Amino acid sequence: MRVACLTRLLLRRVVAAAIMTLAGLSTTAWAAEQMPRFVTGNGRHALFVDGAPYTVLAAQLHNSSAWPAVLPGALDQVVALNANTVEAPVYWEQFEPMPGQYDTTNVDALIEQARKRNLRVALLWFGSWKNGQMHYVPEWIKRDAGTYPRVLDERGQPVDVLSPYAAANVEADARAFTALMRHLRKVDGQRHTVILVQVENEPGTVGAVRDHGAAANAAFAQPVPVAITTRLGKPPGTWRQVFGPEADEAFNAYGTAHYIEQVAAAGKRAYAMPMYVNTWLRYKGKKFPGVDYPSGGATVNVFDLWRAATPSIDFIGTDIYTSDYNEYTKVIGQYARADNPAWVSETGFEPATAPYLFHVLGQGGLGFSVFGMDGLDSPEKQAATAAHAANFGQLAPLQRMLAKAAFEGRLQAVAEQPGQPRRTLHFGDWDVQVSYGAPYWGDADPILPGNPDHGGRLLVVQTAADQFLLTGFSARAEFVRVADDAQHGQLLRVEQGRYLDGQWRFERLLNGDQTDYGLNFVRDSPPVLRVTVGTY
Ligand code: DGJ
């Protein structure tokens, strides 16, 4: 029996190798293909996992939940949320309890437990920075401020942040991070359970705008590196000359970004994973660096400087803690660029944030992650779980085709804006008119009320010239032919079905009341529809 199994396995390997050779791919090339990677093309972006674009439907554990004693329970909750990815920290203080001694217990448990549940992992390196402070550095660093200096504020007082201008600090972090990446390569280099690595957590300085230590002051008096002024299109000069009143924050942004660049580059040399940085945002009217938000993080006002200083960072994420439509979509608009994807590295775990996943995907984004879904049970937690489990559950079976369509520019999606019950999506000869607040069937009032919870959302993927895939919640969609050719539009076929293993499974045709008043996506268990349109 065992021999038979082994023979079958060998046979499978030989056949796979033959197929790869026939396809012109060496084993090494094939392995490289399977490596998670971040790809940009035509101003659009994709995270490739197992060789194809992947939508990240993620949940982040509470900060202290990545310990083996509590991890399994927390991961079960990620599974209950229908997420395909868990974001979980590796704590520097746990990983390197003594200088140069590494403890892989936590990260090994995380990978093993995630595999058991068929989850992918975004690993968060809680190193020098955690929320603009240094709380996760090992005790031997906290106790030795002489060797590992802290930022000094403008009065010369130390704050709870490692100085970005001390070689000992960056070298210690880079060494530990390299050890982590080397270990990852060893234990996960074939399986790729880990698909993303976040370098640090919400870096920047709380308690000062910049470091006023001797080394930092000397650097502040120097010219801005030419690579930075060139990229920003600014004339050369000192930090003060180039950035004027914003010089202290710009200087701290450069110091922080350059430090993280060195950590990331060292880690990538050990194992070239896609790496990102997350941002404590400058939004919601906040504007004082070091007080309102950590000075020197990748906030919108220093974003270009960050991109210039961190070539080893694949992209910058946004930690969005609001459900205000204008604020949420403004942030996405600021960070979704030709040189950066929309990526919500954290968002509030509440029902009202669920629709924004559709907005993120509609902006070509990689996905989003709800933060802290493994808390104590409460009515609020149950409501948030229900909303996000429905959201992720609806999209998880489609996630591969959504990511591919977004990368190819064939996906559009919207979330309901309060006071705006109608939106129009343009697909060449066809418009898709989206509305919120219509009944589930029957004529809609011309003055649509919108949804009381503003929970409407819809996405449309063009799958062929005359074919579209749609799904959403609390929304109605109508196809209108807009080509200038005297032809009338008609629905030829509306299939309800679902995706299973990447294949469309037909369930029934919709017609009559189910299509005559538009295609309706209800609040609970809405359908996935494949629509063929035509003319007469
Ligand atoms: C953002 C941080 O990145 C998380 O680690 C966590 O502290 C949340 N804030 C809490 O809201």
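Biologist: Which strands does α16 lie across, and what angle does it make with β17?
Modeller: Helix α16 lies across β14, β17, β18 and β20, and runs at about 75° to β17. Helices (H or I, at least four residues) and strands (E, at least two) are DSSP runs numbered from the N terminus, while angles run from 0 to 180 degrees between N-to-C directions, along axes fitted to C-alpha atoms, for helices over the stretch in contact.

Biologist: Before we go on, what kind of model is this?
Modeller: It is a predicted model, in which local features need pLDDT of at least 70 and side-chain atom pairs count only at pLDDT 80 or more, whereas totals for chains, interfaces and linings use all residues. Residues are numbered from 1 along each chain as its sequence is written, and side-chain values use heavy atoms, with hydrogens and water left out.

Biologist: OK, in what order do the six strands of the open sheet come?
Modeller: The order is β14-β17-β18-β23-β20-β21, with antiparallel pairing; two strands count as paired if DSSP finds at least two bridges between them. At the edges are β14 (411-415) and β21 (503-510), each of which pairs on one side only, and the twist from one strand to the next averages 30°.

Biologist: How many bridges join β17 to β18?
Modeller: Seven bridges link β17 (residues 457-464) to β18, and the two run antiparallel. A hairpin of two residues leads from β17 to β18, and V461 stands opposite L469 in β18.

Biologist: And how many join β18 to β23?
Modeller: Five bridges hold β18 to β23 (residues 528-535), again antiparallel, with F468 having V531 as its bridge partner in β23. V531 is also the bridge partner of V494, and eight bridges join β20 (residues 489-500) to β23.

Biologist: Is β18 largely enclosed or left open?
Modeller: Strand β18 (residues 467-473) is largely enclosed by the rest of the structure, because seven of its seven residues are buried, where buried means under 20% relative accessible area, exposed over 50% and partly exposed in between, with a 1.4 Å probe and protein chains only. In a regular strand the side chains alternate between the two faces of the sheet. Here Q467, L469, T471 and F473 point one way from β18, while F468, L470 and G472 point the other way.

Biologist: Which strands does α15 lie across?
Modeller: Helix α15 (residues 379-395) lies across β17, β18 and β23, running at about 170° to β18. One of the residues in α15 is G393, which counts as partly exposed at 31% relative accessibility. G393 and N82 are 311 residues apart in sequence, yet their C-alpha atoms are 5.2 Å apart in space.

Biologist: New topic: what is the order of the open sheet of three strands?
Modeller: That sheet has the order β1-β2-β3, with antiparallel pairing. Its edges are β1 (37-41) and β3 (52-53), each with a single partner strand, so one side of each is left without a neighbour in the sheet. Five bridges join β1 to β2 (residues 44-49), and T40 stands opposite H45 in β2. Helix α16 (residues 399-407) packs on this sheet too, touching β1, β2 and β3, and its direction makes about 145° with that of β2.

Biologist: At what angle do α5 and α7 pack?
Modeller: Helix α5 (residues 105-116) and helix α7 (residues 167-188) pack at about 35°, with their axes 11 Å apart. In the contact (heavy atoms within 4.5 Å), V107, D108, I111 and R115 of α5 meet L180, H183, L184, V187 and D188 of α7.

Biologist: Last one: is D431 buried or exposed?
Modeller: D431, which lies in strand β16 (residues 430-435), counts as buried, at 10% relative accessibility. Apart from neighbours within four places in sequence, D431 is in contact with several residues, among them T424, L425, H426 and E478. The side chain of D431 also makes a polar contact, at 2.8 Å, with the side chain of H426; such a contact is a pair of N or O atoms within 3.5 Å, of which, within protein, one must be able to donate a hydrogen and the other to accept it, and residues adjacent in sequence count only if both atoms are side-chain atoms.
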